[in-house]
Amino acid sequence: MWVKVAKISEVEEGSGRVVEANSQQIALFKTDGKFYAIDNLCHHRGGPLGEGCLEGTTVTCPWHAWTYNVTTGECQSVPDANQKCFKVKTEGEDILVEV
């Protein structure tokens, strides 16, 4: 099911934000003009990845600096601590995530 989570104008290039879809927190990012979505809660201690620092396709958790690739969900700090990824699409001015 596709759920509207934000407007395109609400997510700046090179940044992320926390959105909600069906009571689930999702980290939504925009890098190189494309949108990506992963589970918001860091595997380490549940830090909000959507509030982390985004450099290219890597987000750093603001709590303890674990890093994740936002395009694949791969954890670059600890093997096998990957984040769930969500498909993202735009329709007009809306951003939708498949949950």
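A disulfide is a pair of cysteine sulfur atoms within 2.5 Å. With that cut-off in mind, we can walk through the cysteines of this predicted model and then turn to its sheets.

**Cysteines**

By this rule, the count comes to zero disulfides. Take Cys-42 to begin with: its closest cysteine sulfur belongs to Cys-61 and lies 4.0 Å away, so the distance is too far for a bond. Cys-42 is also buried, with a relative accessible area of 5%. For Cys-53 the closest cysteine sulfur is again in Cys-61, but here the separation is 12 Å, which is too far for a bond. Cys-53 counts as partly exposed, at 45% relative accessibility.

**Two open sheets**

Strands of a sheet pair through backbone hydrogen bonds, either parallel or antiparallel. Which sense do we find here? In the sheet with the order β1-β10-β9, three strands pair in the antiparallel sense. Its edge strands are β1 (2-7) and β9 (88-91), each of which pairs on one side only. From one strand to the next, the twist averages 35°.

The other sheet to look at has the order β5-β6-β7, and its three strands form an open sheet with antiparallel pairing. Here the edges are β5 (53-55) and β7 (67-69), and each pairs on one side only. The twist in this sheet averages 25° from one strand to the next.

| β1-β10-β9 | β1 (2-7) and β9 (88-91) | 35° |

**A closer look at the pairings**

Within the β1-β10-β9 sheet, β9 meets strand β10 (residues 94-98) in the antiparallel sense over four bridges.

A handy pair to locate here is Leu-54 with its bridge partner Val-59 in β6.

**Aromatic rings**

How many aromatic pairs does the structure hold? The count is zero. One ring does have a charged neighbour, though: Lys-89 lies over the face of Trp-2, at 4.5 Å from the ring centre.

How values were computed: Residues are numbered from 1 along each chain as its sequence is written. This is a predicted model: local features need pLDDT of at least 70, side-chain atom pairs count only at pLDDT 80 or more; totals for chains, interfaces and linings use all residues. Side-chain values use heavy atoms; hydrogens and water are left out. Two strands pair if DSSP finds at least two bridges between them. Helices (H or I, at least four residues) and strands (E, at least two) are DSSP runs, numbered from the N terminus. Axes are lines fitted to C-alpha atoms, for helices over the stretch in contact, and angles run from 0 to 180 degrees between N-to-C directions. Rings of Phe, Tyr and Trp (its six-membered ring) pair if their centres lie within 6.5 Å; planes under 30 degrees apart count as stacked, over 60 as edge-to-face and the rest as tilted. A charge sits over a ring if NZ of Lys or CZ of Arg is within 6 Å of the ring centre and within 35 degrees of the ring normal. Buried means under 20% relative accessible area, exposed over 50%, partly exposed in between (1.4 Å probe, protein chains only).
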